[in-house]
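Have the viewer open as you read.

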Amino acid sequence: MNSHFFNVLPRPVLGLLLGSTLALSTLSVQAQLRCNEEERTAIEGKDALPGFGSADPRGQLLEMIDLALARSQQLGAANLLAQAARNDWEEAAAARLPVVQAQASTSGAGQQVRGVRQNQGQAQAGLNLSMPLWDAGRIAQTAAWRLQLAEAARQGLISSEQQLAAQVVSYSLDRGRLLLQAQVYRQYTKRMACLVDALESVVKADKGRASELTQAQKSQMTAELSMEQTRSDLRVVEVRLKRLVGDALPASASYASLLNQLPDLPGLQEAALQSSDVKQLEASSRAQERYASVVAAQSKPQVSLGMAANGTGTSTGTRAGEWSAGVTVTMPIYAPGLDASKLAAQRRADASKLQLQDAMTVRNFQLQELHLNAGAALERARRIVEILRASERLRSATMVQWQQMGRRSLFDVMGAESDYYSLRVAHISALSEVQQGVLNMWSLGPGVLAVLR
């Protein structure tokens, strides 16, 4: 309205119009003050959602990891398999030692001739000893093969522990992210509720602004829908976490200070070569080489020592004994398929080497990709912070201009509010992406347990 408009209006009408405008402005300012106070309370953490606690984040993660390691049946099975592989190696290593066997038997016989009965009992006892003298390294290579299989099983157990720990940390980080996002959406919902309350008061005095109330109610329902979707995702993540650590989940700590720094890529690539997954592949490759040597030794002569002693006694007092000792040489002359068996074992050994090299190459490029993505997410989070500051200034100015000066429409206000809270959610998501990327990088290297402990 310009000054000429006010000059041509009758005084009663002018007074009524100014009084109505003043009343609307007063209602809007009061609602705005209440919204600002509620938002200040939310930012200070006094209006946080249930689920956050004040526990030490590193200690809480380690506690949940230990609980998951103790509860995991899959890990228990891997531990038993590792112990069984160790027992197999002990059995193979004992094959070079002498084997002593004892045997005993007893029997009885009788006959009757013309009423005369004759009975006779007999007992026999024997002792056998055998041991290999020379086998072209077959026993030694078999023991070495079993030892490498046991080492591969042990490294597999360590790898399973690291993977389980990474799962616990990943789910915990997701839980913290969703709790933060739900809190932001809750603040957004309460902000829209304040605007709806203010507009309801305005519409009572000015029916022509009912469309603005409808728009604000729509934005409020959209915010409530986003909050409900976030809570639904949160429940899913908590179910996954409960499967690992049990139903008694502690209140989530604030994990913002963990896994938010990019590790040194060259050092991480070097550490990845010593990871349990790589060591498991190396042990499996060495096991295939030893097995190829075992198969090759089967075509060579084998020398073994054998000794036996036997004694016999009868019920009539007769005693007899004998002993024997000798060396046995076994020489394969014709064994169909042995050459094919040796060739197959050698090819498996060569294939395991290629698989190891491929796994190391893939891991190296995975680290590079994760490092680039995490770095990009970190830079994106920094830029979002700058945009967020500008967005905060814009929403405040837009609200003031809409309420007190009438220079902005409600659509401008809704757009500024939506942009501000969307940026807050985007900032949380970017930081979470950084943490998940760093977690995956450490998982490919020495493991997340090495970082937390």
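## Two helices crossing

Helix α3 (residues 57-71) packs against α6 at an angle of about 60 degrees, with the axes 7 Å apart. Those axes are lines fitted to C-alpha atoms over the stretch in contact, and angles run from 0 to 180 degrees between N-to-C directions. Helices here are DSSP runs of H or I with at least four residues, strands are E runs of at least two, and both are numbered from the N terminus.

Who touches whom? On the α3 side it's Met64, Leu67, Ala68 and Arg71, and they meet Leu241, Lys242, Arg243, Leu244 and Val245 of α6; contact means heavy atoms within 4.5 Å.

## Ground rules

This is a predicted model, where local features need pLDDT of at least 70 and side-chain atom pairs count only at pLDDT 80 or more, while totals for chains, interfaces and linings use all residues. Residues are numbered from 1 along each chain as its sequence is written, and side-chain values use heavy atoms, leaving out hydrogens and water.

## More on α3

The buried residues of α3 are Pro57, Gln60, Leu61, Leu62, Met64, Ile65 and Ala68. Buried is under 20% relative accessible area, exposed is over 50% and partly exposed is in between (1.4 Å probe, protein chains only). These buried residues pack against α5 (138-205), α6 and α11 (448-452).

## Around Asn260

Asn260 sits in the loop between α6 (210-245) and α7 (265-272). With a relative accessible area of 25%, Asn260 is partly exposed. Its side chain reaches the backbone oxygen of Ala256 at 2.9 Å.

Setting aside neighbours within four places in sequence, Asn260 is in contact with Leu378 and Val434. Gln436 is 176 residues away along the chain from Asn260, yet their C-alpha atoms are separated by 9.1 Å.

The chain averages a pLDDT of 85, and 86% of the residues score at least 70; pLDDT is the predictor's confidence in each residue, from 0 to 100. Over residues 1-28 the pLDDT is below 50, and this stretch has 14 contacts in the model beyond near neighbours in sequence.

Key: Polar contact = N/O pair within 3.5 Å; in protein donor to acceptor, adjacent residues only side chain to side chain.
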